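Here's a quick briefing to read with the model open in your viewer. Start with the question just below the picture, then work through the topics in order.

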Amino acid sequence: MAKLAKSPWLLHYDASSCNGCDIEVLDCTTPRYDIERFGIINTGDPFQADILLITGGINNQCESVVRQLYSQMPDPKVVVAVGICACTGGVFKDCYNIKGGVDTVIPVDVYVPGCAARPQAIIDGVVKALEILEQKREAYSEKQEQKGRA
Amino acid sequence: MAKQSIVPFGPQHPVLPEPIHLDLVLEDEVVVKAVPSIGFVHRGLEKLVETKDYKDYVYIAERVCGICSFGHGMGYCQCLEKIMNIEIPRRAAYLRTIWVEMSRVHSHLLWLGLLADAMGFESLFMQCWRLREKILDMFDATTGGRIIFSVNCVGGVLKDMDTGMLLKIVDTVNEMEKELRPIAEAFLRDLSVGTRLHGLGILKPDQARLMGAVGPMLRASGVAYDTRLLGYAAYNDLDFEPITAAEGDSFARCEVRIHEIYQSFSLIRQAVEKIPEGPICVPVKGNPNGEHFMRIEQPRGEAIYYVKANGTKFVERFRLRTPTTNNIPPMLDMLKGCQLADVPLLILTIDPCISCTER
C-alpha cells in the first residue's frame, strides 16, 4: 500500500442495489472490519469526499444523482463500484429499468465483484483505490504546477 | 403565519443508507407537509419472472432486499408450493424458521445501530453492529453466505444443519442474549436516548390501523397483529405472543424491536429443541398452474406475496407488497408538526427498506 499523504474521506451512495452491498459497506466501518484504520471516515458530504463507493446498477432516476454526486466531488477522486450489480448490472441486467453498471455513467477506477460483496473484498477494493488516488493526486499537483509556471 | 419554505431531503443524505427523496414544507422549523418521491432504486424485478424459470426466480426473489433476503425467497417458494400442492418436509420448515428468525435478529440489530447513529450515539452504533456480526458468522457457517445466502428452493431448503451446528446456534444465541442486555439497557434506560425518543412521532392505534401501518410500527401502537400467528413454516409448533407497547411513539418502536430480538432468540431455541429428523427437500416435477396469495411476517412487518402461474415453466405474475410501502403513509402523517431536526430520526423509526419498496 502506498504511503498516504492525507486521510481520504469516503462517500457511499446506493444507486439501485438490493441493500446487501450497502450494509456490507457500512459493516466495513464497524469494529470487526474497521476501515477507519486507514484514516478513512465515512462522510455524507460529496464536497469533502475523495472516494465514491457506489453499489447497484444505474436506472433512469438515479442516473442524474450519480452524475451530480461525481461532479460535486473535488479533484482528484476515485470511484469504486461495489458488488456485481455496480460492475455490470448483475442479476438485474435484464430488468427493464436497469441501464447497466456504474461505468455507463461515470468513470470507474476499481471494480469489486461479489453478491453481496464481502467486507474483505470491499476493503481490498478501497485499498487499491487509495493507491490510484495517490497517483492521481501526484499527477494533479504536477498539472497545477505546470499551470502555475505558464 | 410564518413564511413557508421547502427543504429538499435526500436522495443522498448522511443518515439514509438508501435513497428516498422528501420535499419538506416548513413553517419556521416545523414541518407542515412532507411530499415523497421514490423510484431511485426501482429495477423492475417483478417483470423478470416472465423470462426466468420458476425455480431460478428464487434467486431473484432473494435479491429484492439484502436485509430480509431469506424471507422474500421463502414467501415466493411457499406460494409455489401451495400452487403445486407440495408438502415440504417438517425439517425444512423448521430450518426455514430458524433462518428467518436469525434474519430478524440481524435486521433489528442493524436498525438499532442505525437509530443510535442517527442520534449521534456512535459507540452504541458500533456495539450493535459488533453484536450483529455473530449472527452473520452463523449465516456464514450454515449457508456459506453472509447477507444473501440462497438456501431456499421450491420444495424445501438446499442445506441441512447437523446437531453440532444446531447446538452451536443455541450457544451463539445464549451468548448474544447476555451481550445484548447492556446494549438494550442503554436504549431503554439511558436518559439522553429517552429524551430524544419519548413522545416523538406518536401514532395512535386507530390512526395506525387507518393508515395501514404494519409490523413493529403497528405493534408499538398497541395493536397485537403478527402474521406469524397464521402458523406458516413451523410457527404453529412454537410458543410466542406478539409483542406490543402502548405509547405509539419512537421509544415504543425501539422497545418493541428490542423485545422482538429476545423473542427471536427464544423462537430459535424452541425450534432447535423441536426440530425433527428427516429429509430437507422433496423433488418437484412439472410446472405450476394456478394462483396463490401468502402473508409473511418480515422484520419490518407483514409482506404479501402473490404468484399466478399458467402451466408453463414461466410464472405469469409475481407481486410483492412490502411492509415499508405500508409504513410510508403513517410516516408522512407523523412528520407533520415535528421539528426539522427530528425528521431523520422519525424516518428511521419506521425502519425503511427502500429497495424492498421499489424493487
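Are α1(A) and α4(A) roughly parallel or roughly perpendicular to each other? Keep in mind that this is a predicted model. The two helices, α1 (residues 20-28) and α4 (residues 119-149) of chain A, pack at an angle of about 70°. Angles of 65 to 115 degrees count as roughly perpendicular, so that is the answer for α1(A) and α4(A).

**The helix pair in chain A**

- The axes of α1(A) and α4(A) sit 9 Å apart, and the crossing is right-handed.

- Chain A has an open sheet of five strands in the order β2-β1-β3-β5-β7, and the pairing is parallel.
- At the edges you'll find β2 (41-43) and β7 (110-112) of chain A, each of which pairs on one side only.
- From one strand to the next, the twist averages 30°.
- Zoom in on β5 (residues 78-82) of chain A and β7(A): these strands run parallel and are joined by three bridges. Val80(A) stands opposite Val110(A) in β7(A).
- The helices from the opening question turn up here too: α1(A) packs on the sheet and touches β1 (9-16), β3 (51-56) and β5 of chain A. The direction of α1(A) makes about 150° with that of β3(A).
- Likewise, α4(A) packs on the sheet, where it touches β3, β5 and β7 of chain A. Its direction makes about 165° with that of β5(A).

**Chain A as a whole**

- Chain A contains four helices and seven strands, and reading along the sequence gives β-α-β-β-β-α-β-α-β-β-α.
- How does the radius of gyration of chain A sit against the globule rule for 150 residues? It is 15 Å, close to the 15 Å the rule gives, so chain A is as compact as a globular protein of that length.

**Antiparallel strands in chain B**

- Over in chain B, strand β1 (residues 4-9) and strand β2 (residues 21-27) run antiparallel, joined by six bridges. Ile6(B) stands opposite Val25(B) in β2(B).
- β2(B) also pairs with strand β3 (residues 30-37) of chain B, again in the antiparallel sense, over seven bridges. Here Leu24(B) stands opposite Ala34(B) in β3(B).
- β2(B) and β3(B) form a hairpin with two residues between the strands, and in it Asp28(B) takes a positive phi near 55°.

**Where the chains meet**

- The contact draws 35 residues from chain B and 31 residues from chain A.
- On the side of chain B that touches chain A, α1 (57-61) and α4 (122-143) of chain B each supply at least two residues.
- Which element gives the largest share of that side of chain B? It is α4(B), with four residues.
- By class, the residues on the side of chain B that touches chain A divide into 19 nonpolar, nine polar and seven charged.

Conventions:
Residues numbered from 1 in each chain as written. Chains lettered and ligands numbered in written order. Predicted model: local features only at pLDDT ≥ 70, side-chain atom pairs only at ≥ 80, totals over all residues. Pairing = 2+ DSSP bridges. Axes fitted to C-alpha atoms, helices over the stretch in contact; angles between N-to-C directions. Parallel < 35°, antiparallel > 145°, perpendicular 65-115°, else oblique. Left-handed = near helix turned anticlockwise from the far one by under 90°. Contact = placed C-beta atoms within 7 Å. Rg over C-alpha atoms; globule rule 2.2 N^0.38 Å. Nonpolar A, V, L, I, M, F, W, Y, C, P; charged D, E, K, R; others polar.
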